[in-house]
Amino acid sequence: MIGEPRTCWEAIQARASATPHNPLTVEPDGTVMTFAGFRDAAERVAAGLAAMGIAAGTPVSWQLPNSRAALILSAALARLGAVQNPIIPIYREREVGFVVRQTRARLLVVPSAWKGFDYLSMAEKAAAATDSCEVLVCDGDLPEGDPAALAPFEAPLDDEGRLPVRWIYYTSGTTADPKGAKHGDDSVIAAARHMWERLELRSDDVWPLAFPYTHIGGIGLLLATLVCGARMLMVESFDPQAHTRFFREQGLTLAGAGTAFHIAFLAEQRKNPEVPVFPKMRAAIGGGAPKPAGLHMEVKTEMGGVGIISSYGLTECPIVTYCTLDDPDDKLAATEGRFLDDTAHKVIDGELLLRGPTLCRGYLDESLNGAAFDDEGFFFTGDLVEVDDEGFVTIVGRKKDVIIRKGENISAKEVEDVLFSHPEVGDVAVIGLADAVSGERCCAVVAPVVGQGGFGFAEMVEHCKEAGLMNQKIPEQLEIVDELPRNPAGKVLKQQLREAYGG
């Protein structure tokens, strides 16, 4: 342990000094990046970016898949004190254009192409709609310079004595446009501390970075790794068979990070039940969405360790509850753990409100803050919860009409608006249905225009793509009805639809 750092860059420096030659990341092809190598590369890239005019407070958006370049870029921006906006790779023209305009990004960093998608073309269109944004292509290499030319690192405090905003993470929420939550190094470090404390992270732990690093959980995973000196197994895009083998060969001790991964690992385990797929695994890490009933005991019984250690949080307020390694199975199976000691909460009409050190500084669009926070600064999560006599939290539903697919929010209204623009769609409702792999799947229930019978699944997908909707938001299920059920006030009875099509 290096002790709790004050800033992200200080964590990088301290770990590089403590164990310079130990591996930070290992990749499937055998490439290793040491802690010192990470620091040194980040300083060179920081110097290269500084020569391009990036400095403290400069807004920079970047959208890269998991890679050494992504980690190094985020560290370089932290070294400069830039305001960075990591964008998950599934975002497409609608979302990327919006966030680049709203953040007033000076630079947008993307790969030329990845997984068959032309990111450069999208980025150029997004930048062209602004006054000052430039596009930087990163296919592995980033601009470099002489670190000796860099000014000394500083982390000044704002007028309220806090570290300034240095991170902007977007969440789709319940509005059609994504919402940018403002974080400082202090809030993302606080979330990371919850991880390393509750998981009892050790220097000999090995865990995967298999979900997108650009998710707010990514910086938490990196910081926890830096503080404890653990090792990350980094994969660009998760392949269950190949990467389960890679994780096993590297001695994985903590299996993460969420239901989709746990189900994939179980499937690999069941191919050869007598041989542990991860012989050194001490726990599986849950989060992003409630886990299916029974999954905890399946993981514990078939894979070993203590089972699933779940947590709960949001982009606006990451990691506010956590299970522990010592919790009983009934709590591990059905709850998201207990509130952290530093987190205050209220439950009003079933809805959870939060305040604590991981809470964001509000939204970039300040007009959203009035409805998001109460007079005491508590954040309305929109999640409905039950808290038992021992303090364990169960998420029982959401007030917000969002679908959480693989940990990412999908606005039902946004998808409905896109589908309603199709000339053959007379009425539409988009709902989330429980899914054992993705947490929830997106289902569109469509009443076609009378006399039109040609609207089908292929037409729906094509229309969504032409409208610029990212793949993550395109419904995976389509149901055709004569009319949607509505109450006397005209509101669609979505619960009826969930019950009808959720099998």
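**View 1. Phe265 and Phe278 are both buried in this predicted model.** Their ring centres lie 5.0 Å apart with planes at 85 degrees, so the pair is edge-to-face. This pair links distant parts of the chain. Phe265 belongs to helix H9, while Phe278 sits in the loop between H9 and E12, 13 residues away.

**View 2. Ring pairs join six phenylalanines into a cluster: Phe238, Phe246, Phe247, Phe261, Phe265 and Phe278.** The structure holds 10 aromatic pairs. In one of them, Phe238 and Phe247 have ring centres 6.4 Å apart and planes at 10 degrees, so these rings are stacked. Phe247 has 0% relative accessibility and counts as buried.

**View 3. Helix H9 (residues 259-269) is mostly covered.** Of its 11 residues, 8 are buried. Among them are Phe261, His262, Phe265 and Glu268. The cover over the buried residues of H9 includes helices H8 (240-249) and H10 (295-303), together with strands E11, E12 and E13.

**View 4. Three strands form an open sheet in the order E11-E12-E13, with parallel pairing.** Strands E11 (254-255) and E13 (308-309) stand at the edges. Each has a single partner strand, so one side of each lacks a neighbour in the sheet. E11 is joined to E12 (residues 283-285) by 2 bridges. Leu254 has Ala283 of E12 as its bridge partner.

**View 5. Arg15 lies over the face of Phe35.** The distance to the ring centre is 5.8 Å.

**View 6. Lys115 places its charged end over the ring of Trp114.** Here the distance to the ring centre is 5.2 Å.

Terms used
Residues are numbered from 1 along each chain as its sequence is written. This is a predicted model: local features need pLDDT of at least 70, side-chain atom pairs count only at pLDDT 80 or more; totals for chains, interfaces and linings use all residues. Side-chain values use heavy atoms; hydrogens and water are left out. Two strands pair if DSSP finds at least two bridges between them. Helices (H or I, at least four residues) and strands (E, at least two) are DSSP runs, numbered from the N terminus. Buried means under 20% relative accessible area, exposed over 50%, partly exposed in between (1.4 Å probe, protein chains only). Contact means heavy atoms within 4.5 Å. Rings of Phe, Tyr and Trp (its six-membered ring) pair if their centres lie within 6.5 Å; planes under 30 degrees apart count as stacked, over 60 as edge-to-face and the rest as tilted. A charge sits over a ring if NZ of Lys or CZ of Arg is within 6 Å of the ring centre and within 35 degrees of the ring normal.
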